[in-house]
Amino acid sequence: MASKYQAPRGTFDVLPEQGRARARLEAAAREVFARAGYEPVATPAFEDTDLFVRGVGRSTDIVRKEMFTFEDKGGRSLTLRPEGTAPICRAYLEHGMHKLAQPVKLAYVGPFFRHERPQAGRYRQFHQLGLECIGADSPLADAEAIMLLSDLLGELGVPGVELRLGSLGSLEARRGYLEELKAHLHAHEGELAREVRERIDVNPLRAFDSDDEGTRAVMASAPTIVERLEGEDAAHFAEVRELLDAAGIAYEIDPALVRGLDYYTRTIFSFVCEELGAQSEVGGGGRYDGLIEQLGGPATPAVGWAAGIERILLALGEAEEPAGRDAFVAIADEGQRRRAMALATELRRAGLSAEVDLAGRGLKGQLKHADRIGARRVVILEADGSAQLRDMGSGEQRPVESGNLVEEMTGGES
Ligand code: HAM
């Protein structure tokens, strides 16, 4: 019986098949974060709208078109967070983390919201896992961040992942380059897509991202920032590359790499999985040395990334097999219900997965259900207080001493 209600457009329900794979992915990520000293944090699902306007940038698609913005009852403008970096920087400042030993290394997992046109791999509510390393300008921090995402994707077995690497230079260095790029775009205005033409002066870098053929031709001869890097910017980028080389991480320098957020400076990177089609980026990030200052804090260098949980799961492609159960506690007689519950609790406390029948089935039905949920062994509690142990693989069944059930089930070690 279908209800007239459905999950809103661009959102989805996580059902058990996907829930299992998701839990495994999140556990792997938490491990990777913890091993490298990134502490788990969480920020609210909504923030003051202005945080994103300032942080992500007024000229970005995210702020111009994709935010879920609403007014609360006090007339304040709030926005469901479209990304996690600006909120983490807000929290860093609000809680005086700039006074702690630097860098502060933080990690997060949670839902994010963008009003985009839904398609495979692109949703209006999606989930990211990410990390931010705040207060370090060393190329080591960039390399560490990149290596951790590379390791995580490798550990999970995401196939066909490629790393694209670029650098946008520091904010000051970029000013000169942007003028050069604008001049190139103005010189070819007639060949550009309207969207790009209208934004030459607001966000010229985005022209590199256009799918429009005319624009792409213009961009093929555009000056790139990677070839204009000088001094400390060039040295920083060179060292990030050397560190990745030394770690054996393959990458391709992509001079046309740009990202959809305004806060990036110097290193930017993107992990793509071509098999995913149009929405091929599984994760990406970069350095954002100006963001904390932009939000009213002291000048603080930082680097981080976020990866899309749904995209990683799509790339992995398989639904996780059910884990099965170590034990099912069946009863041959109604009178054994409490004993069954107590035994299941004891087995769970001993670390096993165990279930009892919650649907009032007869013994035959219980055995059938135990088989369906993949129970490896079934304990049958008889009316006279005795017990049988059935191995579901071999079908073999034998009596067991009631007092020894937990020891029997845990391999005699409990
Ligand atoms: P982003 O590239 O906008 O970066 O998003 C990171 C990842 O989130 C993407 O690579 C993609 O896998 C996933 N993603 C983005 N939008 C959607 C969507 N609509 N549906 C499904 N998945 C999506 C950031 O958000 C930055 N905060 C990353 C960062 C952290 N930079 C520095 N620190």
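Reply: Here is a walk around helix 13, then a step back to the rest of the chain.

First, the ground rules. This is a predicted model, so local features need pLDDT of at least 70 and side-chain atom pairs count only at pLDDT 80 or more, while totals for chains, interfaces and linings use all residues. Residues are numbered from 1 along each chain as its sequence is written, and side-chain values use heavy atoms, with hydrogens and water left out.

Helix 13 spans residues 363-372 (helices are DSSP runs of H or I, at least four residues, and strands are runs of E, at least two, numbered from the N terminus). Its buried residues are Q366, L367, H369 and A370, where buried means under 20% relative accessible area, exposed over 50% and partly exposed in between, with a 1.4 Å probe and protein chains only.

What sits over the buried residues? The cover includes strand 12 (325-331), strand 14 (375-381) and strand 15 (387-391), with contact meaning heavy atoms within 4.5 Å. Just after helix 13, G374 takes a positive phi of about 80°.

Now the step back. The domain assignment, which is automatic or from a database, gives domain 1 (16-169 + 225-316) and domain 2 (325-410). The C-alpha centres of these two domains lie 48 Å apart.
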